[in-house]
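Please examine the sequence and the structure shown here.

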Amino acid sequence: MNTRARAAGPLFLLLALASCASGPSLPSDAEPERLLPAGALAYAKLDRELFRAAAAALGGPDAARSAKALVDRTDTVWVAVSAQSSGDPGLLAVARGRYPSAGSLALALRSGWHRDGLSWAQDSGPFRVASAGTKALAFGTVALDGVLSAITMPGPHPIPDDWRAAWDADVAVFVPRPLASLAGSLGMDPDAAPLEAAMVAARQDGDAYRAELVFGFADERSARIFAPLCRLILYGAAHSLWSPRANDILSAAEWTVAGRRVTAHDFSLDAAELAAFLTALQ
């Protein structure tokens, strides 16, 4: 999810100032995930603290400062990361919170942005933003037409039914093809195993999160055979993304193999460490 960090600051500043009027409103009982496109490289659900850490990880301290007003108004963000022909990942997000409807005037007066249908777009950058009512926003680095259309005609839930219980944690990252998405960051062969999906799910536990990393295989035999590879993936993630706490994380993790799932659980991550996992997704 390493979108262009140089443009992250202006986006977050814009979002912190305003939301656009006149777009369709997301109903309070709607599932925001159903506005996101099918077939993405990864899906994430961020609470306020992880959203704050992700802003810093993507755009640095300036973006984090610019994002403060938005973060403070936001409860949860749902994100899809998709492959694009340009090579940069495309980001689409829906946020729930409390946003000022008067912001359209600020957008209209701000140089460097123009109306693009129901959204606003950067003149010289990839970012777009649109209102989905006073309690929801859509934003991203690709066109928002599909997200806005899905408000009145939602698509299917992008998270498979058998992963939904884990997805219901406070924060979660679901990767349908994990070795294809993470192999470069971890120095692994994308075809190393028939690994169908993986999810990091975590619940708040004081100042950190109690996390689990779940690997899903096509059958029980594959889960048993490739359980050691799952340990290797966590080892690589810990040392490449979460150093210098790698040894503490690895020693705390408890492993289970049940059916088609291999799970590492009961280890602790803070918001910055979870954000580092997000930025590793290509």
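The questions below concern strand pairing, helices and one arginine. This is a predicted model, in which local features need pLDDT of at least 70, side-chain atom pairs count only at pLDDT 80 or more, and totals for chains, interfaces and linings use all residues. Residues are numbered from 1 along each chain as its sequence is written, and side-chain values use heavy atoms, with hydrogens and water left out.

Reader: Which residue in S9 stands opposite Ala172?

Author: Helices (H or I, at least four residues) and strands (E, at least two) are DSSP runs, numbered from the N terminus. Two strands pair if DSSP finds at least two bridges between them. Strand S8 (residues 171-175) and strand S9 (residues 195-205) are antiparallel, with five bridges. In S9, the residue opposite Ala172 is Ala201.

Reader: Which residue of S10 is the bridge partner of Met199?

Author: S9 also pairs with strand S10 (residues 208-217), in the antiparallel sense and over 10 bridges. The hairpin of these strands has two residues between them, and Gly206 there takes a positive phi near 70°. The bridge partner of Met199 in S10 is Val214.

Reader: Within what arc do the buried residues of H5 fall?

Author: Buried means under 20% relative accessible area, exposed over 50%, and partly exposed in between (1.4 Å probe, protein chains only). In helix H5 (residues 145-152), the buried residues are Val147, Leu148, Ala150 and Ile151. They line one face of the helix, because, seen down its axis and taking the directions from that axis to the C-beta atoms, they fall within an arc of 155°.

Reader: Which residues are exposed on the other side of H5?

Author: The buried residues of H5 have a cover that includes strand S3 (90-97), S6 and strand S7 (136-140), where contact means heavy atoms within 4.5 Å. On the other side of H5, the exposed residues are Asp145 and Thr152.

Reader: What is the relative accessible area of Arg128?

Author: Arg128 belongs to strand S6 (residues 128-131). Arg128 is partly exposed, as its relative accessible area is 22%.

Reader: How far apart are the end C-alpha atoms of H9?

Author: Among the buried residues of helix H9 (residues 227-241) are Leu229, Cys230 and Ile233. The expected span of a helix is 1.5 Å times one less than its number of residues. The 15 residues of H9 should therefore span 21 Å, and this agrees with the distance between the end C-alpha atoms, 21 Å.
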